[in-house]
Amino acid sequence: MQALVRWFNFLACLCLLGLAPLAMAQQAPPAGNNRLVFETSPYLLQHAENPVDWYPWGKEAFDRARAEGKPIFLSIGYSTCYWCQVMERESFADQATAALLNRYFVSVKVDREERPDIDAIYMAAVVGMTGRGGWPMSVVLTPELKPFFAGTYFPNKSFKDLLEKIQRAWRSRRAELEESAEQITEGIRNSGSLQGASAAQVPTAELIDAAAGQFAAVFDSAHGGFGRAPKFPQPAIHELLMSHYQQSGSQRSLDMVRQTLDAMARGGVYDQLGGGFHRYSTDRLWLVPHFEKMLYDNGQLLHAYARAYELTGDDHLRRVAEQIVDYVQREMTGPQGLFYSAQDSGVDGEEGRSYVWRRSDLQAVLNAEDYALVSRVFGVDGQLNFEGSYILYWPSSYQATAQLAKLSPADLFQRLEGIRARLLAARGQLKQPRLDDKSITAWNGIMIEALAFAGQALKRPEYVGLAEAAAVRLLTTLRDRQGNLLHVARGGKAKLAAYLDDYAAVILGLMELSRVTGKKQYRTQAAGLADAMIEKFWDPAGSFHYSQPSVDHLLARIKDTHDGAFPTGNSLAV
């Protein structure tokens, strides 16, 4: 890490940081396209018409960089990333910027969801050199793939200036850059490891008490959630606190979960018409979301809401869980049962366009009586809350809103069901956000587990049926001829050796199916995958590697150690 800091200071002296921060295709791409046209990733295909001479990650690009002595410009993002889309429009579609990249660099584009191993390695460089991470990730490498500059989004003018400065530094001080890149690489290889031997026992009650106490210290007692803006759904925290309640009887832990889940479900971060959660809230109130929807968020939150219902009997929690399933089945399930990855945050570059309403839009769909009810329920009788329009949300509690409408809660929700259906149908006539229709093994595993659990908890056997259909399809589509799991599929074609979290999440889904259905074949399949997971990833020092040892062109074989938006592979495996 000291090497990263030294290099950060060195870059500052060069004035480089004074700015805001797989498969190889051998045939020539068609006119007007670059090599990404041969890829299957929706994110890479979004850049296939750029004037940038993009390469996918692989030997062809690296050989050219070495032969021509050029640095590699590595850009990493994902299809529903808003700032990735902004940088694509501003910079990568710009002829002048593309000319600089094509003249001075070999440019490589990576989908972080297809290649989380590459993303993790170079994110360590970004965080170490700038103090923060994010996407799009912009990293400059030596031809040996060692990073010597790292950042995230750059406005186009700043980006062009930056490219010129990096090129001058590479031409005049290449030896210094390569020496620093060696030090940075060594720091990456030493980071992200789990220290110590395997634990002799499961976590003690005292450790779980301490964790619950730390979350209580940062709990937002006014609005739910942990910390202030921006606020992310954090289902791993909810699950731990529910376990703490079950083990210790701590009502405080359950109350934090219940308040947070209620606040999220009433906020704009939840799609009040279509069901399902957006990525996160930009404010403390859970009101204004970043509008993309991710399968892994909704799988984890389905499990959390179903489990909270099981513990409390609160029908509002049950309703949200059921609406998540409705959304996933309607918009995120492929024709053969696998689940898609994500939906974009906007349409034609306009954030939230398909989710927000003007009063006139609502009046065009609803009669006067229903419009009056919607205005009262969803805050449309108040101030505009998003760029001249309304995000629908519940400004008051369910009970208070029902009393104001002079209805019982049951009658209110019955009235709203028909209204929601009409508004959702009207919304469906608009241009819809782009769908990332690839299926990722780990994310499918999480959704399979959640559906199986929710099917039993909510007494909805059809949910278990959805989970079984997905599991059968996953175990046929996302495997190679030797029975090894693969990481991603699109259009029925799977590729890339699976990662630790792929194996662990599928094992969890199969174990839950075995528990819920009583079918022994799921447990047998889970045991076989667990044997393979240990064989492929286990480090005798006491933890799991993230990628398999056979993966080429990686600076380091990392271990994921932190539960973020998606659980770390090691915690899933445990």
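**Figure 1. The second largest pocket of the predicted model**. This pocket holds about 380 Å³ of space. A pocket is an open set of points on a 1 Å grid over the protein atoms alone, with protein on both sides within 12 Å along at least five of seven lines. A volume is the space filled by probe spheres set on the points, which are joined across faces, edges and corners. Lining residues, those with an atom within 4 Å of a point, number 18 here, and R353, V356, R358, D361 and L430 lie nearest the centre. Two or more lining residues come from each of β11 (350-351), α14 (359-365) and α17 (409-428). Helices (H or I, at least four residues) and strands (E, at least two) are DSSP runs, numbered from the N terminus. The lining of the second largest pocket has eight nonpolar, two polar and eight charged residues; Ala, Val, Leu, Ile, Met, Phe, Trp, Tyr, Cys and Pro count as nonpolar, Asp, Glu, Lys and Arg as charged, and the others, Gly among them, as polar.

**Figure 2. The largest cavity**. A cavity is a set of grid points where a 1.4 Å probe fits but cannot get out. The largest cavity contains about 100 Å³ of space. Of its 13 lining residues, Q272, R319, Q323, W394 and F413 are nearest the centre. Both α13 (315-331) and α17 supply at least two lining residues, and α17 gives the most, with four. The lining of the largest cavity comprises eight nonpolar, two polar and three charged residues.

**Figure 3. The second largest cavity**. The volume of the second largest cavity is about 80 Å³. Among the residues that line the second largest cavity are G268, Y270, D271, Q272, H278, W357 and R427. By class, this lining divides into seven nonpolar, three polar and two charged residues.

**Figure 4. The whole chain, for context.** The chain has 22 helices and 17 strands. Its C-alpha atoms fill a box of roughly 75 × 60 × 45 Å along the principal axes. The radius of gyration is 25 Å, which agrees with the value near 25 Å for a compact globule of 574 residues; the radius is taken over C-alpha atoms, and the globule rule is 2.2 Å times the number of residues to the power 0.38. Buried residues (under 20% relative accessible area, 1.4 Å probe, protein chains only) make up 55% of the chain.

**Notes.** Residues are numbered from 1 along each chain as its sequence is written, and side-chain values use heavy atoms, with hydrogens and water left out. In this predicted model, local features need pLDDT of at least 70 and side-chain atom pairs count only at pLDDT 80 or more, while totals for chains, interfaces and linings use all residues.

Notes. Buried < 20%, exposed > 50% of the residue type's maximum accessible area, 1.4 Å probe, protein only.
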